[in-house]
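Please look at the sequence and the structure shown below.

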Amino acid sequence: MSEQTFTRADGTKFTLSELTKQVSEGSSGKSSPQSMTNTDLAINLARAIGQGLMFGFADEAEGFARGVLGGQGYEKIRDEARTGLEQFREEMPLAAYGSEIVASIPSAVVGGGALTAARLAGKIPQALAGKIPQAAAMGAAYGAGTAEEVSDVPKSAAGGAVLGAGFQKIAPVVTEPARKLLDRGIPLTLGQSIGGGLKRLEEGVSSIPLAGDVIRSARTRASEGFNTEVINEVLKPLGQSIPKGTIGTEAFELANEAIAKQYEKVIPKIGVDFNVAADSLVSKFANQLRPEELKSLKRIVVNELTDRVSGGKLTGQAFKDAQSAIRKKAYEFSTSTSAYEKELGSALNDISFEITRSLSKTSPNLARELAKADEAYSKLIPVRRAVVKAEKEEGVFTPAQLSTSIAQEAKRQQSKLALGQVPLQDLARAGRATLPSVLPDSGTATRGIVANALMSGAGGATFGMPLESALIGGGLSALYTRPAQAFLRGGNNIRGVVPAASRVMRQPATAGLLAQEIPSLTSSAEAGQIDTPLRLSTGAMPVQEVYTTPNGLRYAITEQGATLLGE
C-alpha cells in the first residue's frame, strides 16, 4: 500500500512520514531559526524594553522610524522587529517577558497619572469617568499595542481590559498596615500580610494536624515580634533595644531598667538655678483662674517646687521629684469634668515647662538627655497598662490591649488621639488591623470545611488516607517555616515572591501580552485547528496540525506521530 500524500497550499507535495519527521523535530514544515547572536540579543532586549515603555507599540514605531530614515518599507521592518521579539521570547522567555514587564512599570505610572488628570480635568466624559477602572483602561491600551493586525485590535484591547481589571482584583497585595509591621521586622505570616480570603484560609488550615501546629507557631511568632517591637519603640529615644525574642513581663522590666539608668545618669549632674518666687509664678495666671483655683495653684507650687529649692538651686532628685509631682497633678486636673480644674491643670503644665526651660538655659546638654528619658518613660506608661491587662498571658499583650491603654492614658490629648498622633498609636493600629484572627478559635464551619477538604484526600473519607494527610500536613508545615515565609512574603523592605508576582500581575504589560493570544486562538478555533489536546486512541496528546488527504482522510499530527481521525 502506497504511503499517504499531502498537498500544501503552495502546491508542494509531501508524504506522511516526511510530515511526521518534521513535526517531531519541532519544525512543522518550517526551517528552525538560527540561535541569536550577542548582537541580536542586545537588539531584541532593547526591543522588549521599548515595547514596555511604549505600551506595545515599539515594533510599529521601529518600522515607521527606520522606514523614514532608511527608505525601507514600514511593514517589512515592523515584521522584522516582531520576528526578533518572538525569537527572543522563545529562546529566553524569562528575560524577554521580564524586561518588557519591568520596563512597562514607569509607563504605567505615567499613564495612570495621565488618566487621573484627564478625569479630573473633565476630558473623559462624566458618564464614563467612574466606570472605567484604571487597570482596565491601561490593559486595553497595551492589548491594542500588542495586536499584530488592525483587525485584531478590538479583540486584543477588550481582552487586555478584562485581564487588567481581573488581575487588579485577584492579585495578592500586602496591606498597608502589614507593610508597616514587616518593615519593622515583625515576622507576619503570608495570610496576615495579604489579609482577606488568604488569611481566612490560613486560619482554617490551622485546624489540620501537623500543619496546624506549625501555622499557629508562625502566628505566635508574629504576635511576640509585635511585643518586642513595641518595647523597642519605647526605648528608641535612648538609642537602645532589647534582645530579640524578649517578650511580655521580661521585656517590660528591661525597658523600665534602661529608663531608670538614664535618669540615674542625668539627675546627679543637674544643678538648676531657680530663684523664681511662688508669687511670681502664680501671678501669671491671675486673669486665667478664679481666686480658689489661684490659691490651689500657689499651694501646689510652694509644696512641690519652691520648698525643694536650696541655696537658689534645684538639684538632682529634687528637680525630678518636682517635675513628677507637678505633672501628676496637672494630669489629674486636666482630666476633671470641671472647666475650672481643667484651667488649673493647664496652668500646672505651663509651670512644668518653665522648670524644664530653666534646666535648658543652665545645662542644655543635660536637658536633652533628660528629655530622652522623659519621652521613653511617657511611652512606657501605656505599655505598663497593657502588660498588666495581659497578666494571664505572662504580659504578652495584644494590639487591642495596647490601643485601649493608649486611649486611657491620652484623655487630655483627644485631638491627637483622633488623628492617630499619640506615641505608639500608629503601631498599635497596624497590629490591630493585621494580627487578630478573623475566624473564632474553634467550632466554626469554615475551619471544618477547610480541614475536611484538605485532609479527606482523593478517597473522599475524612481523615481516611493517613499517608495523604501526612504529606499534606508536612508540605504545609514546610511552607510555614521561617525561611519559607520570609521568601514568600518578604520583609524589611525586601520584596518576597508573592508580592513580586502580584506586581507583575498588576502591570498593563501582563494583561496586554496575554490578550495578544486571544485573536490567534479565536482564529484557530474558527478554522477548526485550535492547538488543544484531542482525545486520541493513544491518550490526550497536543496536536500540532491537522492535515486532510485528497481522498478525505484526516490526520492529527503530534510529537509521537500521526493519528487517523476519520473522514
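Arg 78 is buried, with a relative accessible area of 9%, where buried means under 20% relative accessible area, exposed over 50% and partly exposed in between (1.4 Å probe, protein chains only). Its side chain meets that of Asp 79 in a salt bridge (3.1 Å, N to O), and Asp 79 is partly exposed at 34%. This is a predicted model, in which local features need pLDDT of at least 70 and side-chain atom pairs count only at pLDDT 80 or more, while totals for chains, interfaces and linings use all residues. Residues are numbered from 1 along each chain as its sequence is written, and side-chain values use heavy atoms, leaving out hydrogens and water.

**Salt bridges**

- The structure holds 19 salt bridges, each being a side-chain nitrogen of Lys or Arg within 4 Å of a carboxyl oxygen of Asp or Glu.
- Asp 426 and Lys 180 form one of them (3.1 Å, N to O), and this pair links distant parts of the chain, 246 residues apart.
- A network of salt bridges links Arg 184, Glu 229, Glu 233, Glu 375 and Lys 379.

**Nonpolar cores**

- The largest nonpolar core has 72 residues, and Phe 226 and Leu 305 are among those with the most contacts inside it; such a core is a set of buried Ala, Val, Leu, Ile, Met, Phe, Trp, Tyr and Cys residues joined through side-chain atoms within 4.5 Å.
- Apart from this core lies another, of six residues, including Phe 55 and Tyr 142.

Notes: Helix = DSSP H or I, 4+ residues; strand = E, 2+ residues; numbered from the N terminus.
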